[in-house]
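I opened my notebook to look up how two chains are built and how they meet. My entries follow the order in which I checked things.

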Amino acid sequence: MANIPIWPGSSSFHPGDTPFGFYDKDPAFEKDADKVCTFVTRRLGYPLVEIELQAINIYAAFEEAVTVYGNELYAYKIRENYLTLEGAPTSIDIEESIVTPNLGRIIDYSEQYGAEAGTGGNVPWRKMAVPLTASVQDYDLNVLASQHGFTQSNDIEIMRVFYEAPPASALFMNSYDGFGFGLGGSVAAGIDGVGGLGGLGYGGGYLMMPLNYDMQIIQQIELNDMVRISNYSFEMHNNVLRVFPIPGSGGNIPESGSENGVGNMWVEFMLKSDRTSQSIVEAYEKIKMVSGVPYKNPKYEDINSVGRSWIFEFTLAICKEMLGYVRGKYETIPIPNAEITLNQADLIAAAREEKEALLASLRAFFDETSREKLLERRTMESNFVMEELDRVPRVIYIG
Amino acid sequence: MALFGTQRDVSLFRHMSRELMADIITEQCAYYKYKLEETKINLYGEAAEEKFYIGPVLLNTLVERTDNVYPETDLGTDYDKEVQFSFLRDDLLGAGEDFNKFDNKGNSYTGLPGTGYGANLVPQVGDIIMYNEGYYEVHETISNQYFVGKNPDYPNNVNTINKTDGPGDLSAYGSNISIICKAHYVQADKLGLTQARFQ
């Protein structure tokens, strides 16, 4: 029959006594391991009562506590810096690095909006002509796209249809000639006002006006054309373009050089497949997910007394839980001619509560030292200082 | 096939029982083992003259006392009392057993008089237990408190699993926890264990 020793009152740590051996060669860890055993067992009642644990159980708890501390710390650092870390090489020595935030990933994230708005982004816009045919109002752009080589079905997404006449600011205008916007009369406007030959600006009887005045004039001309005189429009349903008016009717001027003599419309479109292909970038040996940030286990000797104190308490909670499970494997323990019930339920309940409280306090502590909170606190301090200074009579100069 | 009640668990219970009986409750008695071979018997097998005992051995025990009774006899008022002594069976086994050679801390008992276990003693009817200056003769022994219902002394079947934790049969499972001795009061002068003389 076996005799399994329990806590004898002292211990002697040797590398290899912990399950994983993460910190076994750390002199500070080795030094603290036996002290932690003494601390834990005394907190649990030794030598007044026996502790049904062995030193290796406590070493395992100690190692787990250090690892949990490191995990919490590094998880916090990853959360704090992930925008900056994502895409960085995995070879960086992150534990010895100070991370300064940058906007790189924010700009990357915002490219999607630029792509949709047509102001940049990472998805190219493509362009194709829609040859209009006299008396044909509907044009299937999917068919047209496949004729242009975009054979994947239902892949195009029309972003813009060029359906209007040339901008009004490029035409000869009558209504807005005069100072600051041309020389006077339609001919003058065509020469150097807002006309097609010249740009904005120079006029024979030129009076310098504020730039916003010119901009308002331009917008007014455009809006005037759109509301009062435009007869060009379109509808789009399931990539079938319906143009108004029907080409060849209503006095449309045939575009010279077009195949059918009616003219071309132009559309800009995006390939849906481009969105995916441009959004997914293979990045070997780069940080791609939070689990890829190359944090390792913490160096125990670098953990300060605040952290070590937390580790000791967490070790105690783990040991308490462990002892509860040992004592609670059987609901009752047989002794000669009787049975006894031990305090396993109390131990386990207390241990869980303590572990949760310790984790909560650690996370709260880390959160309090986050970049956001530090800046917030600094702002508050600054405000409080200003409030206090406001109470000082103004006659006193503080420089 | 057995899954629960390995000797590892039994070892834990032994630690707990010993802590409870030795360090927390600490009820003790002196056990005098009847020495059959030196006791002379008469024609009827009765030990009419002297009885011989081995011991005493100091043991930790759990005691259940009954009230004193004073029966009226032909000779007058008598005195009687029944006491039940519960022993951890492992304490009574041989001192050479590993669980009796070492204390809970893994230290050897050798050289620590009074702290060792392993009385090498089998309680039997007729043995004498001294408790609180009184002598009690054992008239019944009970040994049927089995953990998980198994007495490892009877490994009737070959165990097919968990072979690494024992010899591979059921002797590595269960435990015979206790030996209970029911005893009644006997007068000291009848035993001759101590120099007692009543005028």
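I began with a term: a contact means heavy atoms within 4.5 Å. In chain B, residues 24 or more positions apart account for 66% of the contacts with a separation of 6 or more.

Before going on, I noted that this is a predicted model, in which local features need pLDDT of at least 70, side-chain atom pairs count only at pLDDT 80 or more, and totals for chains, interfaces and linings use all residues. Residues are numbered from 1 along each chain as its sequence is written, chains are lettered from A and ligands numbered from 1 in the order in which they are written, and side-chain values use heavy atoms, with hydrogens and water left out.

**Entry: chain B**

I looked up the secondary structure and found 4 helices and 10 strands in chain B. Helices (H or I, at least four residues) and strands (E, at least two) are DSSP runs, numbered from the N terminus. I wrote down the order from the N terminus: α-β-β-β-β-β-α-α-β-β-β-β-β-α. Chain B has 199 residues, and 42% of them are buried. Buried means under 20% relative accessible area (1.4 Å probe, protein chains only).

**Entry: where the chains meet**

The buried area is about 2,600 Å², and carbon and sulfur atoms give 62% of it. That area is the accessible area (1.4 Å probe) that two parts lose on being put together, summed over both.

I found 1 salt bridge between chain B and chain A. The side chains of D9(B) and K329(A) form it, at 2.8 Å, N to O. The term asks for a side-chain nitrogen of Lys or Arg within 4 Å of a carboxyl oxygen of Asp or Glu.

**Entry: cores**

A nonpolar core is a set of buried Ala, Val, Leu, Ile, Met, Phe, Trp, Tyr and Cys residues joined through side-chain atoms within 4.5 Å. The largest one has 37 residues; F62(A), W310(A) and F314(A) are among those with the most contacts inside it. Helix 2 of chain A gives the most to this core, with 10 residues. I then checked F314(A): leaving out residues up to four places away in sequence, it touches A65(A), V68(A), K355(A), L358(A) and L359(A). Another core, of 17 residues, lies apart from the largest one and includes M128(A) and L271(A).

Note on methods:
Buried < 20%, exposed > 50% of the residue type's maximum accessible area, 1.4 Å probe, protein only.
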